[in-house]
Amino acid sequence: MSTHTENSALPATTREIQLASRPHGRPVPDNFRLAESPLPELQDGQVLVRNLFISVDPYMRGRMNDVKSYSAPFVLDAALDGGAVGEVIASRSAGLLVGDTVVHALGWREYAVLDAGATTPARTDLAPASAFLGALGMTGLTAYTGLLKIAEFKPGDAVFVSGAAGAVGSLVGQIAKAKGASRVIGSAGTPEKVARLLDLGFDAAFNYHDGPVRELLQQAAGEHGIDVYFDNVGGEHLEAALSVLNVGGRVALCGAIAQYNSTEAPAAPRNLAIAIGKQLTLRGFLVFSQQQHAAEFAGQMAAWLADGTVRYDETIVDGLENAPQAFMDLLDGANTGKMLVRL
Ligand code: NAP
Ligand code: FER
């Protein structure tokens, strides 16, 4: 293969972001390192992909800690990994052609060599490549399954979602509206984000910096209360939701970003016992265990995007060298919609 003249321009190395040290609390630039590593030679059944966009996601903060969880911790002095979408630039697989766009799990680098089976084709006739890391990707599947399968949303429910201007949250609110929610309330961290939520069709939204979350939520919910809480934040948000939820309410525990950088145990929720009298259901979930709904989700979301029922925002940072800063900024709320790095 290496003797083919058409391949002589193919890269032999890739720039990548490595984990240089494990963050204590908030990540800092010194936790990351830009490095250049050799690419393995392409084997039968493999493709070489040039990444177009790489994803930075809150769950990556957990994988930077050396603790056992649903997936292995990132390895020190090795490239980080994560979602990416790219273009096949060399193929030794019958199923993939040069020029195809694929989604895969070797992000945080410019080029990747992968088994064809470790990639998923991105239907770029339906949406731009970046959408397959957001609304049509893992993020969208999280919103869709968390609301509809985990919280068992039904038409007429009043829904509250935290982290509402983020990638998952903004989709949760719009899916709830599309499916017949009586009311959708969102919380976010800036006035601009709150305004954007109202634009996107949320019935009410508040800035959680404006006061105690319980009071802000109570005001936004009014006499209706809430039937479903989609929790992206944990802590004080979860405590507030438990207090405002109606009898028989359901909570999808999706994330707890308020505590990802903290070095102490969270102070809230202090009112979990309310769940007994209100007969609440609180259910944690991982999107990776929801793949059985992927086809239903993809068809439905593509239709919603095509007819404008669902819209999505992206915050795009250019250049692999800026990926660590993009990740740190994501945890600090610099993004509206999906945070992505364009290469
Ligand atoms: P995102 O919401 O687009 O970005 C993270 C947002 O969190 C920031 O923009 C920031 O917005 C907010 N935030 C940061 N610190 C906060 C705090 N102390 N209190 C309240 N909000 C805070 O990220 P995403 O990818 O859509 O993920 C959202 C949540 O879903 C995360 O908790 C993530 O871990 C979880 N998730 C879970 C699964 C699963 O399988 N269970 C899959 C994907 C994502 P503000 O400006 O509003 O603060
Ligand atoms: C996430 C937050 C937390 C996520 C997974 C987890 C896939 C799981 C944490 C654990 O197992 O401790 O956003 O996304």
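Select ligand 2 and the residues around it: Y59, S69, Y70, Y260, L286 and F288 form its shell, where a residue counts as near if one of its heavy atoms lies within 4 Å of the molecule. By class, this shell holds five nonpolar residues, one polar and no charged; Ala, Val, Leu, Ile, Met, Phe, Trp, Tyr, Cys and Pro count as nonpolar, Asp, Glu, Lys and Arg as charged, and the others, Gly among them, as polar.

The model is predicted: local features need pLDDT of at least 70, side-chain atom pairs count only at pLDDT 80 or more, and totals for chains, interfaces and linings use all residues. Residues are numbered from 1 along each chain as its sequence is written, chains are lettered from A and ligands numbered from 1 in the order in which they are written, and side-chain values use heavy atoms, with hydrogens and water left out.

Next, colour the chain by domain. The assignment, automatic or from a database, gives domain 1 (7–134 + 312–342) and domain 2 (138–288).

Now display the interface of the two domains. In contact (heavy atoms within 4.5 Å) are 20 residues of domain 1 and 16 residues of domain 2. The buried area, meaning the accessible area (1.4 Å probe) that two parts lose on being put together, summed over both, is about 1400 Å², and carbon and sulfur atoms give 58% of it. Within domain 1, select Y70, G134 and D313: these lose the most area to domain 2, together 25% of what that side buries.

Across the interface of domain 1 and domain 2, one salt bridge is found.

Finally, move to ligand 1. It is surrounded by 26 residues, of which K193, Y208, Y260, V287 and N335 are the closest. Show the distances from oxygen atoms of this ligand:

- to an N or O atom in the side chain of K193, 2.6 Å;
- to a polar backbone atom of V287, 2.7 Å;
- to a backbone N or O atom of V168, 2.8 Å.

Taken alone, ligand 1 exposes 910 Å², and the protein buries 90% of that; accessible areas come from the Shrake-Rupley method with a 1.4 Å probe, and for residues only the protein chains shown count as cover.

Notes:
A salt bridge is a side-chain nitrogen of Lys or Arg within 4 Å of a carboxyl oxygen of Asp or Glu. A polar contact is a pair of N or O atoms within 3.5 Å; within protein, one must be able to donate a hydrogen and the other to accept it, and residues adjacent in sequence count only if both atoms are side-chain atoms.
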